[in-house]
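Subject: Structure handover

Hello,

Please find the structure below, followed by notes on what was found in it.

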Amino acid sequence: MDEASINQLDDIIHAKARLGIMSILMTYGKSDFTHLKKKLGLSDGNLGAHIRKLEEAEYIVVEKTFVRRKPKTVCELSEKGKEAYKHYLETLEKIIQGLGGDESDD
């Protein structure tokens, strides 16, 4: 297997929770905090920290509003985030394909 491929995986996306957030947003387009929390089984603080990390990387756009005096946070992938996610999946695919030919029968 090519070690360079593993090193090319985006560490920002590779964390389990952030990969989940990115995957949900690629599937649904937009998602609010409550939906992400339910789907991923994360605490408010944990989810908030992962959302901040993705927002700081400019992978997602976060819109905070109030609905009936309650805060509502909606996340959406940015173009940069979509490209990063696609590149992440392509890199993962290369790693998987590379594993198939390198095995020797012991």
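K80 is partly exposed, at 43% relative accessibility. This is a predicted model, and the notes below should be read with that in mind.

Salt bridges

K80 pairs with E58 in a salt bridge whose closest N and O atoms are 3.8 Å apart. K80 belongs to helix α6 (residues 79-102) while E58 sits in the loop between α5 and β2, so this pair links parts that are 22 residues apart in sequence.

Helix α6 also holds both partners of another pair. The side chains of E79 and K82 form a salt bridge, with N to O at 3.4 Å. Because E79 and K82 are 3 residues apart in helix α6, about one helical turn separates them. E79 is exposed, its relative accessible area being 56%, whereas K82 is partly exposed at 30%.

A further salt bridge joins the side chains of D32 and K72, at 3.3 Å from N to O. D32 is in strand β1 (residues 30-32) and K72 in strand β3, so the pair ties together parts 40 residues apart in sequence. D32 has 23% relative accessibility and counts as partly exposed; K72, at 32%, is also partly exposed. The search of the whole structure finds 4 salt bridges, and the pairs described here are among them.

As background, side chains of opposite charge can pair when their charged atoms come close.

Helix packing

Helix α3 (residues 16-28) packs against helix α5 (residues 44-56) at an angle of about 70°, and their axes are 10 Å apart. Angles of 65 to 115 degrees count as roughly perpendicular, so that term applies to α3 and α5. On the α3 side the contact is made by A17, R18, I21 and M22, and on the α5 side by L47, H50, I51, K53 and L54. Sorted by class, the contact has 6 nonpolar, 1 polar and 2 charged residues.

Most residues other than glycine have a negative phi. Which residue has a positive phi of about 50° although it is not a glycine? That residue is R68, found in the loop between β2 (60-67) and β3 (70-77). R69 lies in the loop between β2 and β3 as well, and its phi is near 65°, again a positive value in a residue other than glycine. R68 is exposed, with a relative accessible area of 78%. R69 is exposed too, at 83% relative accessibility.

Regards

Terms used
Residues are numbered from 1 along each chain as its sequence is written. This is a predicted model: local features need pLDDT of at least 70, side-chain atom pairs count only at pLDDT 80 or more; totals for chains, interfaces and linings use all residues. Side-chain values use heavy atoms; hydrogens and water are left out. Helices (H or I, at least four residues) and strands (E, at least two) are DSSP runs, numbered from the N terminus. Buried means under 20% relative accessible area, exposed over 50%, partly exposed in between (1.4 Å probe, protein chains only). Axes are lines fitted to C-alpha atoms, for helices over the stretch in contact, and angles run from 0 to 180 degrees between N-to-C directions. Angles under 35 degrees count as roughly parallel, over 145 as roughly antiparallel, 65 to 115 as roughly perpendicular and the rest as oblique. Contact means heavy atoms within 4.5 Å. Ala, Val, Leu, Ile, Met, Phe, Trp, Tyr, Cys and Pro count as nonpolar, Asp, Glu, Lys and Arg as charged, and the others, Gly among them, as polar.
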